[in-house]
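Please read the following explanation with the model open beside it. The text begins with the open space in the protein and ends with two residues.

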Amino acid sequence: MSTREQIIELTDELIRDYGYNAISFYHIAQKLKIKNASIHYHFPTKTDLGIALLETHIQRLRQLIESTKKKDSRVKIKAFLSIYDAIHAEGRVCLVGSLATDIKTVEPKMAKALKIFANEILEWVTATLKEGKENKTFTFSEAPRTKALMIISNMLAAVQLSRLTSDKDFQIIRETVLSGLLKKGKV
């Protein structure tokens, strides 16, 4: 892994552990045992680093979407849920949830990148739900976008809340989200 990739990966961990405003190039340099100048070489500003991190997540999301493109809607929604399974297993919060709390304090171009990332997630889940409803894999009464917002917010909150309650609560929320979509006996 290159130094640039290491910086991005560590930044991801730190933001999801402590929040964007709580970290600095100094923290990253200390953890990686490099000089601040090494970080500035790759990312002149913290905003540049934040945008690079978001672009990395957008690429990963697009790869996941592409890998499930020809799968049925049940596989797609489980792929979406697997993102939160991984976040929960790491004991962290999701990047969108972490950065959303800092939206009013980040540079406008970073806020724009975060909104692009969140919108791509929303569009994917909405399209998956619409497809699943049309082919009768899913059953729900809300508009697909509304249902997508409900599912995303449930999962985002589940990883955060279960840090305070228990792992069982995350699993209960996850399974309730999934079973609430699927017809009886089709889990």
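The lining of the largest pocket draws at least two residues from each of H1, H4, helix H5 (73–90), helix H6 (95–100) and H7. Helices here are DSSP runs of H or I with at least four residues, strands are runs of E with at least two, and both are numbered from the N terminus. The model is a predicted one, in which local features need pLDDT of at least 70 and side-chain atom pairs count only at pLDDT 80 or more, while totals for chains, interfaces and linings use all residues. Residues are numbered from 1 along each chain as its sequence is written, and side-chain values use heavy atoms, with hydrogens and water left out.

H5 contributes the most to the lining of the largest pocket, six residues. The volume of this pocket is about 380 Å³. Its lining counts 17 residues, and those closest to the centre are His-57, Arg-60, Ile-83, Ile-87 and Phe-117. By class, the lining has twelve nonpolar, one polar and four charged residues. In this scheme Ala, Val, Leu, Ile, Met, Phe, Trp, Tyr, Cys and Pro are nonpolar, Asp, Glu, Lys and Arg are charged, and the others, Gly among them, are polar.

Pockets and cavities are found on a 1 Å grid over the protein atoms alone: in a cavity a 1.4 Å probe fits but cannot get out, whereas a pocket is an open set of points with protein on both sides within 12 Å along at least five of seven lines, and lining residues have an atom within 4 Å of a point. Grid points are joined across faces, edges and corners, and a volume is the space filled by probe spheres set on the points.

How many cavities of 30 Å³ or more does the structure hold? There is one. The largest cavity contains about 40 Å³ of space. Its lining consists of Thr-11, Ile-15, Tyr-20, Ile-23, Ser-24, Ile-28, Lys-46, Leu-49 and Gly-50. Helix H1 (3–18) and helix H4 (46–68) each supply at least two of the lining residues, and H4 has the largest share, with three. Five residues of this lining are nonpolar, three are polar and one is charged.

The fold as a whole comes to nine helices and zero strands. With a radius of gyration of 18 Å (taken over C-alpha atoms), close to the 16 Å that the globule rule gives for 187 residues, the protein is as compact as a globular protein of that length. The globule rule is 2.2 Å times the number of residues to the power 0.38. Along the principal axes, the C-alpha trace spans about 55 × 35 × 30 Å. Of the 187 residues, 42% are buried, that is, under 20% relative accessible area with a 1.4 Å probe and protein chains only; exposed means over 50%, and partly exposed lies in between.

Lys-133 sits in helix H7 (residues 108–134). Lys-133 is partly exposed, at a relative accessible area of 33%. Beyond its neighbours within four places in sequence, Lys-133 is in contact with Phe-138, Phe-140, Ser-141 and Glu-142, where contact means heavy atoms within 4.5 Å.

Thr-137 lies in the loop between H7 and helix H8 (144–161). Is Thr-137 buried or exposed? Thr-137 is buried, with a relative accessible area of 10%.
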